Amino acid sequence: MDVSCCVCGRSDSQDVMLCFSWCTENNSIILSTATEDENLSCFVCRDPDCLSQFFKEKHVSRQQARELLKDVRSLTESRTIAEKLIGMSVRSGNAARGVTQVFEGLKNQRISVIIVAKSQKKNTRDKILSAAKKFNVPVYEYMGTASFEQAVGKKQCTCVGIFGTELSEQIKSDLHVIKN
Ligand SMILES: [Zn+2]
């Protein structure tokens, strides 16, 4: 799904945009990976000008802006890791792409980690989460600098299962966004 930057209006895949939410608990803006509460969130593109304009409009203090930028950086690192893992596994034939293949891989107990697109439909996601739980496989939410489809190299693909290899285990431990 495409969303628009609330500053410049440019639209891009939801996987790529930064999402900020208003946290009512401490009355501040947080960098958010959740999309459940869309009313309270807005999307900003990765253009540094848009980010600083956004912070200005929302009256974010300098101190807090620094913290938020730090969060953006660590999120970007985690994104790069996920992209690397997907790219490597797809290229070496160690990935199941798409829901059908992922379910098959789970049944054959070949999959060690599942990565889902942020833009995935809730129904599909719930199905994957419960199947993954049954087989004790962790699920991560993907957000990359490239869209999920691009990273996976398959149109309309919203999930990828990574087969268990030593390298995938290593990289898996560096991923942060866990969903189950
Ligand atoms: Zn923008």
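**A helix over a sheet**

Helix α4 (residues 122-134) lies across β7, β8 and β9, and runs at about 165° to β7. Axes here are lines fitted to C-alpha atoms, for helices over the stretch in contact, with angles from 0 to 180 degrees between N-to-C directions; two residues are in contact if their C-beta atoms, placed from the backbone, lie within 7 Å. This is a predicted model, in which local features need pLDDT of at least 70, side-chain atom pairs count only at pLDDT 80 or more, and totals for chains, interfaces and linings use all residues. Residues are numbered from 1 along each chain as its sequence is written. Helices (H or I, at least four residues) and strands (E, at least two) are DSSP runs, numbered from the N terminus.

**The sheet**

- An open sheet is formed by 4 strands in the order β6-β9-β7-β8, with mixed pairing; two strands pair if DSSP finds at least two bridges between them.
- β6 (95-97) and β8 (139-142) stand at the edges with a single partner strand each, so one side of each has no neighbour in the sheet.
- On average, neighbouring strands of this sheet are turned by 25° against each other, direction ignored.
- Helix α3 (residues 99-107) lies across β6, β7 and β9 (159-163), and runs at about 30° to β9.

**Strand β7 and its partners**

- Strand β7 (residues 111-117) pairs with β8 in the parallel sense over 4 bridges, and Ile115 has Tyr140 of β8 as its bridge partner.
- β7 pairs with β9 in the antiparallel sense over 5 bridges.
- Ile114 has Gly161 as its bridge partner in β9, and stands opposite Val139 in β8.
- From β7 the chain crosses through α4 to β8, and this β-α-β crossover is right-handed: with the strands pointing away from the viewer, the path from the first strand over the helix to the second runs clockwise.
- Of the 7 residues of β7, 6 are buried, so the strand is largely enclosed by the rest of the structure; buried means that 20 or more other C-beta atoms, placed from the backbone, lie within 10 Å of a residue's own.

**Helix α2**

- At 1.5 Å a residue, the 30 residues of α2 (residues 62-91) should span 44 Å, which agrees with the 43 Å between its end C-alpha atoms; the expected span is 1.5 Å times one less than the number of residues.
- Among the buried residues of α2 are Leu68, Arg79 and Glu83.
- Gly93 follows α2 and has a positive phi, near 75°.

Key
Buried ≥ 20, exposed ≤ 12 C-beta atoms within 10 Å, placed from the backbone.
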